[in-house]
Amino acid sequence: MKLEEFLKTKGTDEQLTRLIMLFSKQAANIKAGFLSARGAVDTQNVYGETQMALDKWADEILIAALRESKLVSWIATEEQPDIIEVEGAVNPFGITIDPLDGSSLIDVNLAVGTIVGIYPGHVLEPGNTMLGALYILYGPLTTLTYTTGSGVHEFVMGEDGNFTLMQENLTIPEGKIYAPGALRKDYLPYHKKFIEQLELEGYKLRFSGSFVADVHQILHKGGMFTYPAFAGNDTGKLRLLFEGTPMGKMVIEAGGAASNGKGNLLDIKPTAVSDRIPIYIGGKKEIALIESYTKDSGT
Ligand code: P6P
């Protein structure tokens, strides 16, 4: 079944359907840029990270498409310093976008992706207010996975750029893989204890450096992704709005959990679009374990 037919069959709100379809139609355009707009450019994003030509390429394509569609009132992207207000929008929706998470890995042909959060209004609200989330993964296959609160569903892009249902009502299984960000030498005691416990239980390390690809693997195989707080950095590296909340929403809707080590990521109200947060996303068992260790440590 094609994506649009599936959305309609599920009774998805018409405006949400149009929005999800807009992103699906940009996938082929963004991927087409992979052959041309590569390498780093001489600019940095607000996080001080060197922008890749493709970061800016994907950012420009998505902002232009959203502005033209007038489907959303607010656009926040990881590549823009400020929230963009769309003149004449027909919906009050707010959108958060990491246009190309993991973009530096394109030069070594690893999977990267576009991460999107959809809010009923302004985006500086807790993730549990979201209408939905989606991500497009550019790997050996180009896939689109979305949730609007009624299950998690995955589609694969064909030669024609259209998406066909690959898996309906995806749920996170029990699994023993872990994707541990940050440097082991910098682990805080409770986090070190957590990682050592996973390793004692036989968890295998799977970390590519692409958050969206690594969480996608956890969603399908079970286990845990983490980019924690670490020595000298109590917020970790990843962004609450652009990474933690949308992918946390996805995994929670698939029966998993998402935490900052203390509590549900989706309960956290951002103070700014640039908020960073320690991230643990995966199975409920693993999240319960890290939260118990964090609590016992008095952190
Ligand atoms: P490190 C990619 O740059 C990213 O933002 C995430 O996609 C990824 O999980 C993380 O950074 C990797 O960070 O410190 O391991 O290079």
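A residue is called buried when its relative accessible area is under 20%, exposed when it is over 50%, and partly exposed in between, as judged with a 1.4 Å probe on protein chains only. The structure is a predicted model, in which local features need pLDDT of at least 70 and side-chain atom pairs count only at pLDDT 80 or more, while totals for chains, interfaces and linings use all residues. Residues are numbered from 1 along each chain as its sequence is written, and side-chain values use heavy atoms, with hydrogens and water left out.

Helices (H or I, at least four residues) and strands (E, at least two) are DSSP runs numbered from the N terminus, and two strands pair if DSSP finds at least two bridges between them. On these terms, 8 strands make up an open sheet of mixed pairing, ordered β4-β3-β5-β6-β7-β8-β9-β10. Its edges are β4 (84–85) and β10, each of which pairs on one side only. Within the sheet, β7 runs antiparallel to strand β8 (residues 142–147), to which 6 bridges join it, and L137 stands opposite T143 in β8.

Helix α2 touches β5 (94–101), β6, β7, β8, β9 (152–157) and β10, and its direction makes about 15° with that of β7. Helix α5 (residues 211–221) also touches β5, β6, β7, β8, β9 and β10, but its direction makes about 105° with that of β7.

Q15 belongs to helix α2 (residues 14–32), and it counts as buried because its relative accessibility is 18%. Apart from neighbours within four places in sequence, Q15 is in contact with L71, V90, N91 and F93. L131 itself lies in the loop between β6 (112–119) and β7 (132–138), and it is partly exposed because its relative accessible area is 26%.

Two further loop residues deserve a look for their backbone angles. K70, in the loop between α3 (53–69) and β3 (74–77), has a phi near 55°, a positive value in a residue other than glycine. N169, in the loop between β10 (163–167) and β11 (177–180), likewise has a positive phi, of about 50°, although it is not a glycine. K70 counts as partly exposed at 35% relative accessibility, and N169 does so at 39%.

Notes
Contact means heavy atoms within 4.5 Å. Axes are lines fitted to C-alpha atoms, for helices over the stretch in contact, and angles run from 0 to 180 degrees between N-to-C directions.
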